[in-house]
Amino acid sequence: MSFDGRLRSINKSFGLVKANEDLNLHVRAGTIHALVGENGAGKSTAMKILFGMVKPDSGQVIYGQTDVTSAWNPHKAAEHGIGMVHQHFMLALTEKVHDNLVLGFETTKLGFRQRKKERKALEELIETTGLKVPLDARVEDLPVGLQSRCEILKVLYRKARFLILDEPTAVLTPQETEDFLKTLHLLKSRGNTLLIVTHKLKEVMKIADDITVMRAGTTVATRKAKDTDVEELSELMVGRKVCLPRTISKKNSATERPLFELKTSAFHIAIQPGEIVGIGGVEGNGQDSILEALLDPRKLEAERFTILKENVLQYKTAQIRRLPLGIVPPDRHENGLNLSMSLTENLRLGREQCGRAGHAYFGSITASETSLLQEFDVKPPRPSLAASALSGGNQQKLVLARELGQLPNQSVLIAYHPTRGVDVGSIEFIHEKILAAAARDSAILLISSELDELMALSHRIAVFYRGTIARWFHGPHYDEKDIGLAMLTGGLGEKKEARL
Amino acid sequence: MNLSTIDLREALLKYWPALFAGLLTLALASGAVWAVGESPLAVLLILFNSAFGGVENFSYTLFYATFILLTATAVTVALEAGLYNIGAEGQLYIGALFAVLWNQAVAALFQQQAGLSPALSVLCLVGGTGAAFIGGAFFAALAGYLKTYRQTHEVLSTIMLNFIAYAIVNWAILNPLKNVETQNSETVWIIESLRIEKIWGQASPFLFVALIIAVIVLGAITRSWWGFRVRATGQSEPAAKLAGIGVKKTLLSAMALSGGIAGLAGFNEVYCNSYRLIDGFSPSYGFTGLTVALLARGKITGLIAGALLFAGLQKGALDLDLETEYITRDLSVVIQALVLVGLCIGQSLKRRA
Amino acid sequence: MEGSSQEGLFLVILLSAIRLGTPLCLAALGGYCSERTGTVNIALEGMMLIGAFSAAAVALATQSAFAGIAAGVASAMLLSALHGLLCVKLKGEHIISGLAVNLLAAGLCPVIGKAFFGVSSGTPSLSQNMRVASFGGVSHLILLCFACAALVTLFHYKTRLGQYFRFAGEHPKALLSQGISVNKVRWTGVLLSGFFCGLAGAYLSIDHSSGFSRNMTAGRGFIALAALIVGRWNPLGAAAAAFLFGLVEASQIFLQGFQLPDGTNLPVQWIQIIPYAATLVLLAGFFGSKNRRIQPPRALGVALD
C-alpha cells in the first residue's frame, strides 16, 4: 500500500533563524523523489518535520489522506510505515548489528528480549532484500558501506513503505554509491516510496522520478527528472549560474627541490613550490595519517620528512607549528577551532611562536586580526564573539583565515576538506584563496572527498587505498571513473609509478 | 537609551547564574531554618552581625577569607585548564605539613641561636612559603600525572588523595612531629622568630600576599601565553594539540600551580595563625574554595567577593552554633550546597535565554 | 594448630570482604544505572550518606529495620531526583550537580541530627532489634545485594529497558530517532542509582554498624565509582570489582597486627591509606595493559540538545 507524503505551507524557526518558510512538498506514491539544495537550505529540517522529529510552527504534514500534524513523532511515523535514514548514522558503535537493527522494536515477553525470534525475522529480511550484513558483528568493525546498509535494513525491519533518506551517499565511494542506488531502485520496484535528500545532482538525475529544489528554507521548483538537466537544477539551487574554477595550467618545476616531502614505507609525497597535490580516497584509507604525521612525527616510522628543507623527523608539534605551515584539519569542530574561545583567540591558536617573536601576549585585539577577519569575510566580524556563535561556513572561513591568511610566500598548506559544509558562494572564494597561495609559490596538499574539487584544483591526484597510495593521476584532465575505481579497489590496469 | 538596555540585559545575563544562586539559596535556607524552628530573620541578623559587625568580627572574616581566597584561586587555575581540583583540601594539609618540616629543618640548622636575625627570618619565611608550595604542588601533580598519563579522572584521584593526605598528616602529627607537652593532636610549635604576627585583630598580613597572588594568577590566565595555553587546553584539548600546545605539560603545570597555591593556605595556618599544625584545622577550606571558584568563574572580583562572603558565612555559622538552640555550624555546608544547586539552575536558565 | 588458625584468619578476611564489599557493590550498581544511561554520578557518596542517616534515624524512631531501609532508600532517591533535575532536566554540569548533592548530604545530616537528637555527630546507638536481621549468619541486605547484582546483570543483557540503558549512554540520538524518550531512560537510571545508594547507606548504618556517625561513608561512594570504572561500566564487572575493593579493605584486619622489623606495629594511618591507595592504583590501570584503555560510554555527561 503506497501512499503520498505532503508538506503544506510549513513554517519553522529556531530562535531567530528561519529554517523553513512556507514550504510545500508533494511526494507521489511509488516514486523516488529527490530533494536537492545547498547546505543550509533547510532540507534536513523539512525531513525531520516529515518524520516527526521536529514540530513545525505552522503548516500541515499529510500522509495519504490523513493529516498527522498534531502529535506526530518518530514512533508514530514508524507505525505508519515511514522510515528515515539519517545523515549521521543512528547506530551505536559498540553494540551489535542485531541490537542496533531492532532498537525500539524488540520482540519481548514480559520485558525480556526474545532474541531468537528477532534473529529469525532479521534473517528473513536479509534473505528477501539481499542486503547482507553480519548480525553478530559490532557496528564499529564494519566499513561505512555496510553501516549504511544497516540503516536501510533498520528502516525496512520496521516495515517502512515510505523511506526518507538524508544524504545517504555522502560518505560512500562512487562504486558503493552505485550499489546503493541499485538498492533504491529495487525498493521502488517493490512498491515503496522514497524521498532522498542530497546535493549530488548527478545521482539525482540517475534515479529520481521527481526533483524538488529548495533554496533559503523554501521549495522553489519541482521538476520531472526527464524534463530537466543538471545545469537548470544548479541554477535553481544557487539562484544564479555557477562555474567551478578552471584547471590551472600545469606547472613545470620538477627541477626545484620540493617544499614538502613525506616518505614512509607506505607512500611518498613530494610537492614542488607552486604545486597543488590532491589526495582522494574513501575516508579512512590512511589520508589522516598525514595529519597524524604532522602532529607527532616521532611516532611515525618515516624515512624522510622535510618541510621547507628542514628535516622534521624528530620535531614535536610545537616545533612544526613554528614553520610557515598551514594546517586545515578535517573536522573544524573537533580540533580546527576552540568553539568557546573568541574569534581573535582562535586566530592565535598555533600562532604562539610567531607571537612570541613579535610581541608579548596582552589579550587585546590587534588590527591585523580584525583585518584578517574582514579579508576572509567571516560574518559577523566581531573579534570578541565566541566561535560557536558562527555558522558552519563562517567557522570554516575562520579556520582558513588562521591557517591560510597569515602564510608568507613559499610556504606549505595542508588542507583537509577545505570547503566542507560551506555554501557555494564561499566555495569559489576558498578555491581562489588556495590558487592564490599556489601562485605565490606555496606547496599545497589538498585532501578532499569531493572529486570535482580535486580534479578542478590539483596538478596531480594521489588515491589512497588501505593506507597506501594506490595510484597517481596527472592533470589537467582526469577520468572520474578511473579515479573512482582506484578509490574502491586500489586501481586496476597498469599501475603508474609515482613521480618523485 | 536602547543601547544601555541591551548592555543591562547582557550584564544581567552574565551574572545571572551567580545572582540566581544567591536568591535561591536565601529562599531555601530561610525555609530550612524556619523548619527547624528558628526565625530566618534572626538567623540572618546573627550571621550578618557576626561576620561583618564590628572590628573583631570582621577581622575574623578576613582571617577566613585569606584561606578561602587562596584555595579559590587554586581551584580556579585547575578549572581554567578544564580540571576539577576537588583535592585542594588535601593539598593544603600537605602544604602545612611541608611548612612544619621546613621549620624543623631551620630549627635544626640554627638550634644554637636564640633568635634569627630579621633578614634571616625573612629568608626562612620565603623558604617556608616555597616548601608549602612545593608540598601542595607535588600532591596535585600526582593527580595531574594520573590524569594526563593514566587517564584517571581527576575528581576520583583528588578525592582519594585527600583521604591519603589526611592519613599522612595525622600520622606525622602523632609520630615524628608530635608535641609531647599536650594531649591534643598537634605538632610542636614553630620557632618564635618565624611567627608572623597578626596585624589587625585576627587578620594576618598574609591576606595581602593572597590578594597579590590572586591578581597575578588571574591576570596570567587571561593575559599571558601560558594562560592562553591553559585555557585553550581546558576548553578543547584536540584543538590545543593541533595548535602545537604541549597539552600534557600544560595540564601538569596548571595542576601543580593549583596545588601549590592551595599549599600556601597551609603555610598561612602554620606561620600566621596557630604557629603549629593542628589536626583537622581546616573547616574544609578546600571545598569552600571550590564553591567560590565555581561561582566566580575566573573573575577576580568574583573571587574576592566570594571569598569574603563565604568567610563571613563560615564565621557566622560558628556563632549560630553558639547562639541558637537547633542550628549547627554545618548549616554553612548546606548553604554552600544550595548555592551550587542554584548555580546549576542559573547556568541552564542562562543557556536557554 | 598453626594451619587452622591461618584458615580461620582467611575465613575472617573473606567474610569481612563480603561485608565491606556489599555497600560498595550496591553503590556501584547505582553508579551503573546512572552512568550507563549517560549521567555522570559523583553523587553516590552523598546519596549513600543521606541514606545511612535516614535509615538509622527512622529505625530508631520506629523500632523497625524495615522502615529504616525504606526511609534510607526514599531519602537517597530524593537526592537522586535533585541530581536528575539538575543534570537530565536542566542539563546542568554533572560534576557541579554531584558536588552540590554531596555537600547537601554532608550538611543536612548533622543539621537534621542536631534538630532531632541534639547532637550533630551522629545518631544514638541502635539496639539489636532495630538492625537488619540475618539469615544463617548472613544479613538479609547482603543476600539482597547478591540478588541485585544478578538481577541487574540479567536486566543489562536480556531486557528491553537494559538495551535502552546501553543506547542512552552510547548513542542517545538513536533512541530519539525511534521516538523513545532518552530523558525518561536517563531519569530511570538516576533514580535507580538513588535506590541502590539508599540500600548501601542503610546497610552501613543499620546493618554493618549500629547507628549513624558523621561522614561514615568515608569516600565509599567514590570507591564504588572507581569499581564501576574498573568493572568497565558493566554490572557484573562492577560488582566483582566492588568485592575486590572490599577484600582490600578487609586486608586491613590482617595488617593491624603486622609487625615492622623494629618490633613496632604498622601505624594505623598507613593501614587506613590502603583502600584509597589501592583504588588509585587500580584506577590508574597499573595492572592493566596500556592499550586496553577503559572506554566510558560515549555519551556520558553529554546533554541531548
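In strand β11(A), Thr212(A) stands opposite Leu35(A), in a model that is predicted. Strand β11 (residues 210-215) of chain A is joined to β3(A) by 5 bridges, and the two run parallel.

Confidence in chain A has a mean pLDDT of 82, with 89% of the residues at 70 or more. Helix α3 (residues 97-102) of chain A has the highest confidence, at 93, and helix α13 (residues 352-358) of chain A the lowest, at a mean of 52. Over residues 492-500 of chain A, pLDDT stays under 50, and the model has 10 contacts beyond four places in sequence for this stretch.

Chain B contains helix α3 (residues 55-80), whose 26 residues reach 36 Å from the first C-alpha to the last. That span is close to the 38 Å expected at 1.5 Å a residue. Of the 26 residues of α3(B), 23 are buried, so this helix is largely enclosed by the rest of the structure. Just after α3(B) comes Gly82(B), with a positive phi of about 80 degrees.

Chain C touches both other chains. Its contact with chain B takes 38 residues from chain C and 34 residues from chain B. On the chain C side, the elements that give two or more residues are α4 (94-117), α9 (220-230) and α11 (268-283) of chain C. Of these, α4(C) gives the most, with 14 residues. By class, this side has 25 nonpolar, 9 polar and 4 charged residues.

The contact between chain C and chain A takes 15 residues from chain C and 21 residues from chain A. Here α6 (160-170) and α7 (172-176) of chain C each supply at least two residues of the chain C side. The largest share, 6 residues, comes from α6(C). The side of chain C that touches chain A has 4 nonpolar, 6 polar and 5 charged residues.

Definitions and conventions
Residues numbered from 1 in each chain as written. Chains lettered and ligands numbered in written order. Predicted model: local features only at pLDDT ≥ 70, side-chain atom pairs only at ≥ 80, totals over all residues. Contact = placed C-beta atoms within 7 Å. Helix = DSSP H or I, 4+ residues; strand = E, 2+ residues; numbered from the N terminus. Nonpolar A, V, L, I, M, F, W, Y, C, P; charged D, E, K, R; others polar. Expected span 1.5 Å × (residues − 1). Buried ≥ 20, exposed ≤ 12 C-beta atoms within 10 Å, placed from the backbone. pLDDT = per-residue confidence, 0-100. Pairing = 2+ DSSP bridges.
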